[in-house]
Amino acid sequence: MSGIFDKNNQDSALFIGGSRVSGQEVRAQNVMAAMSISNVIKTSLGPVGLDKMLVDDVGDVTISNDGATILQLLEVEHPAGKILVKLAQQQDTEVGDGTTSVVIIAAELLRRANELIKNHIHPATVITGYRLACKEACKFIADQMALSVDKLGKEALVSVAMTTISSKILGAYGTFFAEMAVDSLSAVKTLDFRGKPKYPVKAVNILKVKGASARESSYFTGYALYRPFTSSAMKRSLKNPKIAVIDFDITKTRMKMGVNIVIDNPDNLEAIRKREADISVERVRIMLAAGVTAVFSTRGIDDMYVKMFAEAGAVTVTRVPKDDARRIAKGTGASLITTLANLDGDESLDASSIGTAELVEQVRLSDDDVVVIRGAKEQQASTVILRGANDYMLDEMERSFHDSLCAVKRVLESRAVVPGGGSVETALDVYLESFATTLGSREQLAIVEFANGLLSIPKQLSINAAKDSIRLISKLRAYHTAAQAADAGSPRSALKHYGLDLHEGKIRDNVKAGVLEPAMSKIKMLKSATEAAINILRIDDMIKLLPEQQKEDPHAHM
């Protein structure tokens, strides 16, 4: 049938320049693309997963075992492969952790669905079964597996952060970074308009400073800026500063491009030059008269005007990145001022545009000076200073720490955790296989395959740890089968918390061991992986148009 799409087929009524792949062939291609991407990152899953080194076209090196980072740097061309790359990025944005797991599960579900379709089960039946299985799985996690953080206390938050970073570069430092993640995020707690607590990850500023060991990393309350004060004549610290965040130059005013002034008297030229300097002098006086004692500018300030600020006892910081300027403005209650002009055509500074804090000071870190804002009025901020040997290590440390912050944020907001180490996936496998037997339709085949597909996570975890996956998973399934068959008050019901101990190669109670993950992470992961698998599964035709070839120029010469 694809012959009608060949360029040379003149007899076809439907003639386009391109190719068509349909039916089982396109499904096989999509499954192969998904499995290829899954095979790239599956060895990086878990606390003993391996790292990947990626070198781009200009020679920049990235070393990471974060699924989203690896896939983002891969140049995937296959359309189905791109869906999985987007899936990992979405999981990274929404949850921060589970980016590798979500791709492995999606690829496995897709492979198993393709096997069912080869055995003459219609794709619509498989899709219905997958949707039903996903719905039941999410309900089971929320009702049976989720544990309240309120009962477990702060240790649960540290355990969640520890579980997240255990598979990354920071895992070797024990609870040092896990406790830092919990403390730094707890310090930026705010309430939304409904009165619910929110923990904005962006309020935690991460600075990377080369030199010293990772153990010398530190955390403090306040917003740190990798910029020094503009002049050494300024005070090193300033209590209760009035802060102005500006987005314009304080330099000698120059005429706009294309503006010409014709003068007939040389004295007028000197007056124009004097006025150019005086315009910025007036702006500095307006700011000082409004009580401003700290100026953060996204652009430059000339030495002449820096001297005026220094003599008035004010401090200035120039070339502040736009993102940092917005965060400082939001935290201190200031506005990002783009101009001092008002509606009357004059220049003034409204008091409502000025922010406040308890202290602005300059401190020395390694070989650099850093400006710190403490006690911001509107939103508290915290800063984590990461120390490491080189840029590659610091970049990976930042990615790992950011993932742990996102995981802790989800737990603080949802207040629910689940045991990790393959515990949830094994429990779901046992539960869904039992649930499938209650159905009398063909969907039960899809639900059983969905259940078995989830076992790919504990299986891959044990393979990566060089343990006997068949023995461990058989034992783990036996534990969870006993837990689900037991009565609510029975001691056996506690077996549902059992998962893998990959360092010792045995089964253990992961709640007592402190291996916990956000419940939201598992639910989002299942929903996202199922939707991605279904989206690719629905494709039964791929038409690819060839790019239009330009006609050769008869006058062109080689």
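Here are a few notes on aromatic rings and a charged patch in this predicted model.

1. Let's start with the rings. The structure has seven aromatic pairs. In one of them, Y431 and F435, the ring centres sit 6.4 Å apart and the planes make an angle of 15 degrees, so this pair is stacked. The cut-off to keep in mind is that planes under 30 degrees apart count as stacked.

2. Where do Y431 and F435 lie? Both belong to helix α13, which covers residues 423–436. They are four residues apart, or about one turn of the helix. As for cover, Y431 is partly exposed, with a relative accessible area of 23%, while F435 is buried at 16%. Buried means under 20% here, so F435 falls on that side of the cut-off.

3. Next, have a look at Y479 and Y498. Their rings form a tilted pair, 5.2 Å from centre to centre, with 55 degrees between the planes. Y479 is in helix α16 (residues 469–485) and Y498 is in strand β20 (residues 498–501), so the pair ties together parts that are 19 residues apart in sequence. Y479 itself is partly exposed, with a relative accessibility of 25%.

4. Rings can also group up: Y173, F176, F177 and F401 make one aromatic cluster.

5. Now for the charges. Which residues form the negative surface patch? They are D56, D57, D60, E75 and E77. Take D57 as one of them: you'll find D57 in the loop between β2 (52–55) and β3 (61–64). Its relative accessibility is 73%, so D57 counts as exposed.

Key: Residues numbered from 1 in each chain as written. Predicted model: local features only at pLDDT ≥ 70, side-chain atom pairs only at ≥ 80, totals over all residues. Heavy atoms only, no water. Phe/Tyr/Trp six-rings, centres within 6.5 Å; stacked < 30°, edge-to-face > 60°. Helix = DSSP H or I, 4+ residues; strand = E, 2+ residues; numbered from the N terminus. Buried < 20%, exposed > 50% of the residue type's maximum accessible area, 1.4 Å probe, protein only. Patch = residues over 30% accessible without salt bridge, like charges linked within 9 Å, V, L, I, M, F, W, Y side chains within 5 Å. Areas by Shrake-Rupley, 256 points an atom, 1.4 Å probe, with all protein chains shown as cover. Salt bridge = Lys/Arg side-chain N within 4 Å of Asp/Glu carboxyl O. Lys, Arg positive; Asp, Glu negative; His and termini not counted. Charge placed at Lys NZ, Arg CZ, Asp CG, Glu CD.
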